[in-house]
Every structure is written in structure tokens, then in C-alpha cells.
Amino acid sequence: MTELPHVPVYTLMHDHVMVLTGVPAQKYHHDAKTLVDTTVEVAEYYRTDTWVAHLDNYNIEAEALGARMVYGEHSEPAIDFRDPLIKEPGDLLKLNTPDFYHDGRLLYALECFRLMKDKKKGRRSGTFCGPFSLAVALRSYPLLIKDIRKRPEFVRDLLTFCVDDVIIPYLRVQKEYSGVTSSGGVNAWASIPNLSPAEVKEWALPCSLLTTEKAREFGIEARSLVADYCEERLENFDAGVLHQAFDLQVASAGKPLLDLIMGRWQDYPLQPVLDYTAKYREQGIRVPVRIAINARVLRDGPVDRIVGLVKRFIDTFAREHELTISMHPPADTNPDHIHAAVAAVHTFGQKPVRENLDEIEFTPPRRESFTEWQKTRRAITE
Amino acid sequence: MEDFILELKRAVIEGEDDLAQEIARRALDGGLHPTAVYQAIVNGIQEVGELWKRGQYFHSDVIMSAEAFWASAAVIEPYLSGTETGGIGKYVIGTVAGDVHNLGKMMVVTMLRVSGFEVIDLGEDVPGITFIEKVKELKPDILGLGCYMTTTMLEIGNIIKSLNDNGLRDSVKVMIGGVPVSQQFADEVGADAWGKDAIDASEKAKGIMGVI
């Protein structure tokens, strides 16, 4: 992608796209062209900077292996953790590498990646379920945690299966069929405090690194995030644990790179992040930092709060880090909130970033509704 | 006998479900009063809550302790009368339709139980109509609605509207919880309280019942 003149905005908004466009859930989660076309259309409406085909990433591989799913009438599919695929450790032996062209909705996912890369601004990237999260998808979180404590050898076998028999073959097919050159692994189960830093280090990090290493052998950059820090209890925010999480993220990426995605970054202090990156900044390294506007803030607003948050993130990080601002709007987010966030990033994040952002005048854009925008766009193109 | 109580409490704190169950069984066989045995596991899980509050326990620790609590509770409960486990009030809880996530709900149910609520867990992927029928049938003090996806959270507003339409809204307090919801969302849909996590939910539920 060409260098943008401002801090980029990255969006992950499949729930929101489905609700905004009014596509029935069943169609949205089975018809790749519908998902890609609506994603691109909504991204154009919001004027975001890059388009990625995000689907229900935590489900695809597990469903193809036979995990029981629940398809809600209006919601994204969910793995039925009440009835996990691996009920007993011995069940692992019954599982085989999926048929990527026939099992579950793997072909739907592959089609999404293929179609998206052909779109203008579309990335040549796929997604996959990170190995630790895939293990949870197959076994359920409580059982896997119990296994870690009581049957560690089984957990190692399960993670090996996830990497060698599922993820790596899937990434090969992503490259062959969809033409992707990079793939991002979702891995929320490997976040803190779902696991302690020690548990991430022992159980989630090695299989993520192995995935990266093996995928690189056939030309795919595959990285699955570990140790996203998302402590919900603000009173439990701990800079020491945060720094341990960052150490694990850097180890996972093989280079300094921080993801601040699921946490309450609207409330956490930002100074501990600067304290962590100081050692890199002293060496002249601009650490990539991807920080999210918290989904609840984005939904609840008000606009002034969202804009203030964007400004604070840019003021803190944009001058000495490679900043990306990420947004994951919930299904019923008011579009005005997203328009304001995108415009604020593009305005305050104009490069070179000004020393005093208060000197920049910003008025949230007044935008037409999605339906009005569609009508105008269609009138122009027809 | 005192050793049994301490060992049982420690087994719950350390998340040793098999051990906790075995100790509970031995304690009952040895003639310990069921209420004392139950109190040991309640004390254990309450200490886990404190460790969680202080950031010394991660979710994996809490889940294992909750498993130990339920494993031993299953052994003890047949010997208890209802008053030991549900004196504060009646709480009906479930995850809304389309949503099968149960981890957060399990933690909430655990904390409500040790706080003294009688908890009736309707499970996951519960149709809206079932919540209405159960409120009519069971007459709970509090109805807890959980959701864990931004698409399923929209169902909560529909259920509260149905409670209104059926003339039931004034008879029950409604609490909501789950990753995507917030106090603002609770206000928007007309819920009485939002539990940001299991500890917060149990404290607010006690507040609703006037026991804090």
C-alpha cells in the first residue's frame, strides 16, 4: 500500500456491515461476494483507508473440523462450547486435516480473501484462527485450562495438530487459491487476563512462533497476536503486567510492534506504553503501535468523546511511533460516530503531525445516511 | 474436622476440582454438618474473588476455582435445605438467543450463589419467549440477561420490551451483562443495572435486594 499522508485507520466491522446493509445473517455468512461487496461499500461510505475481508474468523477452521455451531437468525455463527468437538483427549485422534474446498465454510472464507484482494485498496491478506484460540475452539476454554494443569502432554499434541494439520495447510491453500501473501491470526483467547503472562509464554507463544516460521517457508507472512492486554477492571491495571504483555507481543512479532486492541485504552494511562517504547525511541526506532478506539466507546459516543480520544492517541504516539488507529464498531453503532472518528484521524493525523493539535480546527462531518449515500452513488454510476 | 474445612477451602482456591469433590465427600461421610462444608467452599470462592479483585488471579485461575466450587457443591447440595443456598432472593439468568457463550455467565452464577441467591440458570441461546414464560412462572426478584456478541446484544431490548408488553416489567428487576454492553446500553434499553463483571454483578444484585 502506498504511504498515506495521514495516520491510517484500520477497520474490522463485519457485524456492523451486516446490520447497516440489512443483509440477512445466513446470506452474509455463506455468500462471499455479498460479504466482500458490502464490506467494500461500507468502507467507501466511511472513507477508511484499507479494506480487509473480515468474517467470523474464530469459527471457520473449527466448523470445518466438525465443531457444532449455532446459527442465530440475526447474529454471527458461534461455536457451541456446551458440546465441544474434543470431549475427551482421545477424540483428538479422530480429527484429520479438513478438505479445504468442501468442509464447512472454508471455501466461503477462501473466496472472501480472493475477492477482496482484487478490490481497489483491498489487501492481499487472509485471516486464520490463531493456534491457541483454535485449541479453545475445539476443546472449550475451561477444559483446555484444566488440560494445561492436568494433561500438559495432551495440550502439546493438540497445539501441534492445530498448527501442523490445520493452520499451515490452510495457509498454503490461502496462498494457492486466494493469492494472499500475508494472513493475520485472531487470537483473543491468548490475551491477558484470559491467561497469565506465564501461561501465554508457555502455551500460546511457541505455537504462534511456529506458525509464523512454517508459513514463511512457503512465502506467507502469518502472525497471530498473543498477549493483547485487556484488563476490564480498571482498578487492576498493572503497568508491570502490561510490560510483560508487550515483551510477549514483541517476541511473537519478532520485532518491536505493539497491539493495543481489546483493552480499555480510553481509560488506561498511556505513559506506561511510552515508558516501554523509550528504549527503542532512544535508538531511533519508530515502533509500530496499533491502538483501537474501544468498541463500547465507539458505539456509545458521544462524538466529542471519540474525537478527544483520537486526538489523545495521535498526540501521544503519532510523532515517534508508526501509529495505526483501529476501529471495531459494534453492530448498531451510530454511523455519525464512525464518520467522526475517521475524519478526526485523517485531520489530526495529517503528516507531519503538528506539535500542538489544539491549533487544528475540527468539526465533525455532517454526512448523509448510508441509504442516501447509496442512492447518490448509484445515480452517479448509472 | 477443622483440617477438612481448611483443605476444602484451599482446594477451591487452588482450583483442584477432583480434590475438592473428594474432600467434600469425606467431610460429609465423616459427619461434618453440610452447612459447615458448604461454607468452606463459599469461603474459598470468596477468597478467589478477592484475589481476582486484587489482580493476583487471572481468568484461568478463577475458572478453575469455579469448577472446583461446582464440583464440590454438587456433592454437598443434596444435604442442604434451600435456605442455605438461596436466602437473599431468586435470580433467573440466561444467555439470549443466538448466543451460546457461557463462560462469563458461569462466573456470574458462581458469585451470585455464594452471595446467597437462589439462581435458576436457563442456559444459553434462550429464546425471548422463554424468558417471559419463566418470569411469569418463577416470579424471580431479578432477571439477568447475558450476551457476548454485538449482534445478540440487540435481543436484550426486545426482551425488555416484551416484559413491558406482558405487564411484567414492574414485577422484576432486569440486569444485563456481557462483553459488548455498557451502562449506556443498559440505560437505552431500560435495564435496571449493568454488571461489568461477575463481582460487580453480584454486588449490584445484592444492592437491588437491599443487602448492601
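Predicted model: local features only at pLDDT ≥ 70, side-chain atom pairs only at ≥ 80, totals over all residues.
Let's start with helix α15 of chain A, residues 370-381. Its buried residues are Phe370(A), Trp373(A) and Gln374(A). These cover an arc of only 100 degrees around the axis, so they sit on the same side of α15(A). On the face turned away from that buried side we find the exposed residues Lys375(A) and Ala379(A). What lies over the buried ones? The cover includes α1 (14-21) and α3 (32-46) of chain A.

The largest nonpolar core has 179 residues, and Phe132(A), Leu138(A), Trp265(A), Ile293(A) and Ile325(A) have the most contacts inside it. Helix α8 of chain A, residues 152-178, gives the most to this core, with 13 residues. Another core, of 25 residues, lies apart from it and has Val135(B), Leu138(B), Ile156(B) and Leu168(B) among its members. Back in chain A, have a look at Trp265(A): leaving out residues up to four places away in sequence, its contacts include Tyr229(A), Phe246(A), Arg312(A) and Phe313(A).

On to the interface. Chain B and chain A bury about 3100 Å² between them, with 55% of it on carbon and sulfur atoms. Phe58(B), Val100(B) and Thr151(B) supply 19% of the area that chain B buries against chain A, more than any other three residues. The contact involves 38 residues from chain B and 37 residues from chain A.

How many salt bridges cross between chain B and chain A? There are 9 across this interface. One of them pairs Asp17(B) with Lys146(A), the closest N and O atoms being 2.7 Å apart. In another, Glu124(B) meets Arg82(A) at 3.5 Å, N to O. Glu124(B) lies in the loop between β2 and α7 of chain B, and Arg82(A) in the loop between β3 and α5 of chain A, so this pair joins two chains. Glu124(B) is buried at 14% relative accessible area, whereas Arg82(A) is partly exposed at 36%.

Glu124(B) also has a salt bridge to Lys105(B), with the closest N and O atoms 2.8 Å apart. Shared partners then join Arg68(A), Asp80(A), Arg82(A), Asp83(A), Lys87(A), Lys105(B), Asp121(B) and Glu124(B) into one network.

Thanks, everyone!

How values were computed: Residues numbered from 1 in each chain as written. Chains lettered and ligands numbered in written order. Heavy atoms only, no water. Buried < 20%, exposed > 50% of the residue type's maximum accessible area, 1.4 Å probe, protein only. Helix = DSSP H or I, 4+ residues; strand = E, 2+ residues; numbered from the N terminus. Arc of directions from axis to C-beta. Contact = heavy atoms within 4.5 Å. Core = buried A, V, L, I, M, F, W, Y, C linked by side-chain atoms within 4.5 Å. Buried area = accessible area lost by both parts, 1.4 Å probe. Salt bridge = Lys/Arg side-chain N within 4 Å of Asp/Glu carboxyl O.
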